[in-house]
Amino acid sequence: ALSAVQWQASQAAPVPVWLCTLMAQPVAGASAARCAHAGMWGLSRACRAELQLPVCSLDLDGEAAVASVARLLGGRQIRLRGGSVHGLRVAPSVESEAVLRGSLLHAPRLAAPVDCSFPEAICLSAAGRGAIADLRVDAQRPFDAPLAASEVELQVCAVGLNFRDVLIVLDEYPGPRVDPGTDCSGVVRGLGAGGGGHLSIGAASFGSAVGCLASRARADSRLQVRKPSATSFEQASTLVSTWGTVHAGFERLRLSGRRALLVHAAAGGVGLAATEYAHWLQLSLVGSAGAPWKHHTLRSLGCRRLVSSRHAGASVVGLVGLLRGSRAHAALNSLSADFIAASSAALGERGRLEEIGKRGVWSDGRAAAAGVAYAVLDMATEVPSRPGWFLRRGL
């Protein structure tokens with residue numbers, strides 16, 4: 001399968017490639033699926049999403065004749081006559097994934113569960129760590145203790161999901177074992193005796209609350225502030241880990257004027273905020289991104305100088321050419337492995353490297369050996385350790 005995809009990627013005009021598997025997908029009323037070929041479906045989805053290659057998947061049951069499969073794929077597409085709905089009109093659909101069981105062709109569709117009722121209060125919990133499939137919705141139990149003097153209780157309206165949460169669920173987070181969910185917005189339902197004067201019962205707020213993937217959450221009242229009326233709950237739940245990270249990072253980097261700044265993964269959430277921030281400060285910005293459409297998006301936002309975020313060596317070569325032999329003054333890095341060393345090598349004397357990634361983080365000794373000012377920034381731990389700064393400066 002990989003060889004076929006590699007051949008397809010080398011063609012100027014790639015033709016559709018169908019990866020056929022045996023009983024890799026479950027179908028209602030059929031026998032249990034096998035996992036031996038399931039990885040090929042993941043490969044085809046990655047090719048379509050990342051490389052825009054027409055790699056499709058067809059799961060067979062072993063009973064279909066080769067001739068019937070050939071006829072099915074003879075037009076290089078699987079078309080269902082009434083597979084899509086546009087307004088009040090049923091129209092054909094082109095399928096990139098299908099399952100053939102006997103003479104019946106099945107196509108994947110989203111369907112609401114039969115029972116959509118939930119308890120009044122729910123929480124997202126994981127029976128174990130290591131897979132997204134371990135997550136489940138449970139009824140949330142009442143809190144065991146009354147509100148502490150400095151706490152606030154929220155009715156959660158939106159939660160901002162971050163890469164850190166994914167690592168926690170996959171049990172790959174390098175820090176202490178904690179519950180996923182940090183950034184949230186909601187409505188204040190309870191205040192401790194020393195909750196401060198900036199919040200009140202019924203006020204809309206946003207900020208940080210550990211383990212907030214639930215209907216109710218508790219947090220230090222200093223880590224929550226009033227939500228602006230012009231900002232939705234969904235928008236507010238993303239501010240701490242995007243704009244908060246960028247604001248804190250730029251404050252540490254102390255850049256101004258035409259200083260050269262390297263921002264890795266500039267098309268990501270933090271990267272886009274850093275790009276806008278850099279324009280405000282009139283910095284000389286160099287960004288990195290992977291897919292061509294991400295480069296196009298960044299150029300439309302005014303980030304004209306771009307390098308690769310897929311290969312550290314190519315990134316360094318491109319950076320040297322763009323800077324014309326000079327060095328960058330600072331870097332905001334979220335990539336791992338060789339990119340940390342590559343970013344360090346791209347900095348000049350007294351250059352500063354702000355690390356916002358979670359994996360492969362350098363130790364103090366490694367950073368000292370490289371001769372750069374290296375600091376790790378994680379708002380999930382920075383905010384609780386400096387609540388006064390967060391309340392005064394971060395927001």
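What is the handedness of the crossing in which α6 passes α7? The crossing is right-handed. This is a predicted model, and its chain has 395 residues, of which 40% count as buried.

**The chain as a whole**
- The secondary structure consists of 13 helices and 19 strands.
- Along the principal axes, the C-alpha atoms of the chain fill a box of roughly 70 × 60 × 45 Å.

**Helices α6 and α7**
- Helix α6 covers residues 240-253 and helix α7 covers residues 269-280.
- Their axes come within 8 Å and cross at roughly 50°.

**Helices α9 and α10**
- Helix α9 spans residues 312-323, and helix α10 spans residues 338-345.
- The two helices pack at an angle of about 15°, and their axes are 9 Å apart.
- α9 is therefore roughly parallel to α10, since angles under 35 degrees count as roughly parallel.
- The crossing of α9 and α10 is right-handed.

**A nonpolar surface patch**
- Ile-132, Phe-163 and Val-166 make a nonpolar surface patch of about 270 Å².
- Val-166 lies in helix α4, which runs over residues 163-169.
- Val-166 has a relative accessible area of 35%, so Val-166 is partly exposed; the partly exposed class lies between under 20% for buried and over 50% for exposed.

Definitions and conventions
Residues are numbered from 1 along each chain as its sequence is written. This is a predicted model: local features need pLDDT of at least 70, side-chain atom pairs count only at pLDDT 80 or more; totals for chains, interfaces and linings use all residues. Side-chain values use heavy atoms; hydrogens and water are left out. Patches are made of residues with over 30% relative accessible area and no salt bridge: like charges are joined within 9 Å, nonpolar side chains (Val, Leu, Ile, Met, Phe, Trp, Tyr) within 5 Å. Accessible areas come from the Shrake-Rupley method with a 1.4 Å probe; for residues, only the protein chains shown count as cover. A salt bridge is a side-chain nitrogen of Lys or Arg within 4 Å of a carboxyl oxygen of Asp or Glu. Helices (H or I, at least four residues) and strands (E, at least two) are DSSP runs, numbered from the N terminus. Buried means under 20% relative accessible area, exposed over 50%, partly exposed in between (1.4 Å probe, protein chains only). Axes are lines fitted to C-alpha atoms, for helices over the stretch in contact, and angles run from 0 to 180 degrees between N-to-C directions. Angles under 35 degrees count as roughly parallel, over 145 as roughly antiparallel, 65 to 115 as roughly perpendicular and the rest as oblique. A crossing is left-handed if the near helix is turned anticlockwise from the far one by less than a right angle, and right-handed if clockwise.
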